[in-house]
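Subject: Structure for you to look at

Hello,

Here is the structure I said I would pass on. My notes on it follow below the display.

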Amino acid sequence: MSKLLKTELKTAFRQLRLPAFGAHHGAQSALAASESWSYDQYLLRLCELELGERQTRKRQKLLLASRLPREKTLETFERQRLKRNVERQYAALLDGEFLRRAENVLVFGSPGGGKTHLLAALGHELVQQGQSVRLDQYEALIIDDLGYVQQNREEMEVLFTLLAHRYESHSVLLTSNLVFSQWEQIFKDPMTTAAAIDRLVHHSVILELNLPSYRMEAAQKKRGAPSRRPSTLGHV
């Protein structure tokens, strides 16, 4: 291939926004010649490389936008700590189909039991599938530790408006150490509390962890002390 033709190809690939074509066409052309590929086979291979790199770039952008903690992935989550029924529920969420149904995921449990890691790991899996995770325009909105810090009535009205806006349109993934019977502490008003719970639960998967604190267990292992399971939070 002449130098002029290489330059013209590089310019065309750049203008067409086909960086994988520009990066791989030379090597793939040599491979096509040695393997006696047809023109169609050669073109298909370049298209596959381009599409693969686009998917990779898309996932990288989604991960950056999600602001998910990078270390809290499925690989680093100790799923063997989950009760069998919770593990089955969680496994069923990993294909992301609940987003298509605009179902919510509500995770309850004691502080330190892994609620945040559980949802962050799910968020990472959704990003790998090409789903957008975090803000309101995204398919999945993660609200971590609802009720952990007390907010004023005006802030809770904003939260209720957000939940109402996403109802039956997009999914909310939420963790809380407060069971529903205690949510009036969050929304400050019984009617607002009931309306918020009603919208969240209508289409939802509820995971009850009730696990001992992972941080406490780790600290006790260092000291050589036995761990103690907390009392259950009650039914939600």
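**Aromatic residues**

Phe108 counts as buried because its relative accessibility is 2%, where buried means under 20% relative accessible area, exposed over 50% and partly exposed in between, with a 1.4 Å probe and protein chains only. Before going on, please note that this is a predicted model, in which local features need pLDDT of at least 70 and side-chain atom pairs count only at pLDDT 80 or more, while totals for chains, interfaces and linings use all residues. Residues are numbered from 1 along each chain as its sequence is written, and side-chain values use heavy atoms, with hydrogens and water left out.

There are 6 aromatic pairs in the structure. Rings of Phe, Tyr and Trp (its six-membered ring) pair if their centres lie within 6.5 Å; planes under 30 degrees apart count as stacked, over 60 as edge-to-face and the rest as tilted. For Phe108 and Trp183 the ring centres are 6.2 Å apart and the planes stand at 45 degrees, so this pair is tilted. It links distant parts of the chain, 75 residues apart: Phe108 is in strand E1, and Trp183 is in the loop between strand E3 (171-176) and helix H8 (184-187). Helices (H or I, at least four residues) and strands (E, at least two) are DSSP runs, numbered from the N terminus. Trp183 is buried too, with a relative accessible area of 0%. One aromatic cluster is made up of Phe108, Phe180, Trp183 and Phe187.

Helix H8 also holds Ile186, which is buried at a relative accessible area of 4%. Not counting residues up to four places away in sequence, Ile186 touches Leu146, Gly147, Met156 and Leu178; contact here means heavy atoms within 4.5 Å.

**Nonpolar cores**

In soluble globular proteins, nonpolar side chains tend to be buried together. A nonpolar core is taken as a set of buried Ala, Val, Leu, Ile, Met, Phe, Trp, Tyr and Cys residues joined through side-chain atoms within 4.5 Å. The largest one here has 27 residues, and those with the most contacts inside it are Tyr90, Leu93, Phe98, Val105, Leu118, Leu122 and Leu207. At least two residues each come from helix H3 (39-66), helix H4 (84-93), helix H5 (97-100), strand E1 (104-108), helix H6 (115-128) and strand E4 (204-208). H6 supplies the largest share, 6 residues. Leu93, leaving aside neighbours within four places in sequence, is in contact with Phe98, Val105, Leu122, Val205 and Leu207. A second, separate core has 20 residues, including Leu159, Leu174, Phe187 and Ala196.

**Pocket and cavity**

Both terms rest on a 1 Å grid over the protein atoms alone: a cavity is a set of points where a 1.4 Å probe fits but cannot get out, and a pocket is an open set with protein on both sides within 12 Å along at least five of seven lines; lining residues have an atom within 4 Å of a point. Grid points are joined across faces, edges and corners, and a volume is the space filled by probe spheres set on the points.

The largest pocket has a volume of about 420 Å³. Of its 18 lining residues, Lys72, Gly112, Gly114, His117 and Arg215 lie nearest the centre. H6 and helix H10 (214-223) are the elements giving two or more residues to this lining, and H6 gives the most, with 3 residues. His117 lies in H6 and is buried, at a relative accessible area of 15%. Leaving aside neighbours within four places in sequence, His117 is in contact with Glu71, Lys72, Thr73, Thr76 and Phe77.

The structure holds 1 cavity of 30 Å³ or more, and the largest cavity has a volume of about 60 Å³. Among the residues lining the largest cavity are Ala102 and Glu168. Ala102 is in the loop between H5 and E1, is buried at 7% relative accessibility, and has a positive phi, near 55 degrees, without being a glycine. Glu168, in the loop between H7 and E3, is partly exposed at 46%; its phi is also positive, about 60 degrees, although Glu168 is not a glycine.

Regards
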